[in-house]
Amino acid sequence: FRNLTPGWKWETPLRTDYARRQALIEIDVLVARALGLTLEELCSIYRIQFPVLKQNENDTWYDQQGRIVFTCSKALPGVGFDRLTWNTIKDLKAGEPCPTRIRNLDWLPENQRTSVNPVITYHPPFDKCDRENDYRTTWQFFDQQEEKGKESCI
């Protein structure tokens with residue numbers, strides 16, 4: 001966030017699934033703070049109002065480069081491995097890369113889908129996120145930034 005500038009640069013976009021997810025965490029926390037919610041209220045809203053999101057996050061796994069390797073989310077068809085393949089590769093260790101062909105090329109123009117043979121290499125170990133823990137970490141970060149801002153005004 002500190003590296004953002006008014007001008008568009010190569011570093012500006014959030015290029016990985018993990019980076020985009022982390023940005024959503026920051027947005028959730030900033031909005032909750034702006035609305036005067038507490039951290040526990042934010043976590044309660046997540047648990048009570050968003051059970052499908054919670055279920056999806058509990059079974060979404062990332063590689064060491066921030067790519068989704070497996071997700072049970074129905075909103076992300078073709079992303080990562082299917083469940084059967086995931087169960088065979090989920091315990092790979094660091095240094096055991098896992099290449100795969102991209103299955104869903106719907107984002108390409110129809111006349112280019114057959115000429116492309118894209119391969120993604122996933123890099124273990126694989127890990128999943130804990131949204132409530134990430135909310136706490138992010139909340140603490142913004143608390144610290146707020147304190148620094150108060151100190152600089154004194």
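Predicted model: local features only at pLDDT ≥ 70, side-chain atom pairs only at ≥ 80, totals over all residues.
Residues are numbered from 1 along each chain as its sequence is written, and side-chain values use heavy atoms, without hydrogens and water.

**R131**
- R131 lies in helix 5, residues 131–153 (helices are DSSP runs of H or I, at least four residues, numbered from the N terminus).
- Leaving aside residues up to four places away in sequence, R131 touches R21, I25, D28, Y46, L53 and E57 (contact is heavy atoms within 4.5 Å).

**Nonpolar cores**
- The largest nonpolar core has ten residues, among them I25, Y46, W139 and F142 (a core is a set of buried Ala, Val, Leu, Ile, Met, Phe, Trp, Tyr and Cys residues joined through side-chain atoms within 4.5 Å).
- Helix 1 (17–34), helix 2 (39–49) and helix 5 each supply at least two residues of this core.
- Helix 2 gives the largest share, four residues.
- A second, separate core of nine residues includes F81, I89, C98 and F126.

**Helix 1**
- Its buried residues are R21, I25, V29 and A32.
- Seen down the axis of helix 1, these fall within an arc of 80°, so they line one face (the arc is that of the directions from the helix axis to the C-beta atoms).
- G36 follows helix 1 and has a positive phi, near 80°.

Key. Buried < 20%, exposed > 50% of the residue type's maximum accessible area, 1.4 Å probe, protein only.
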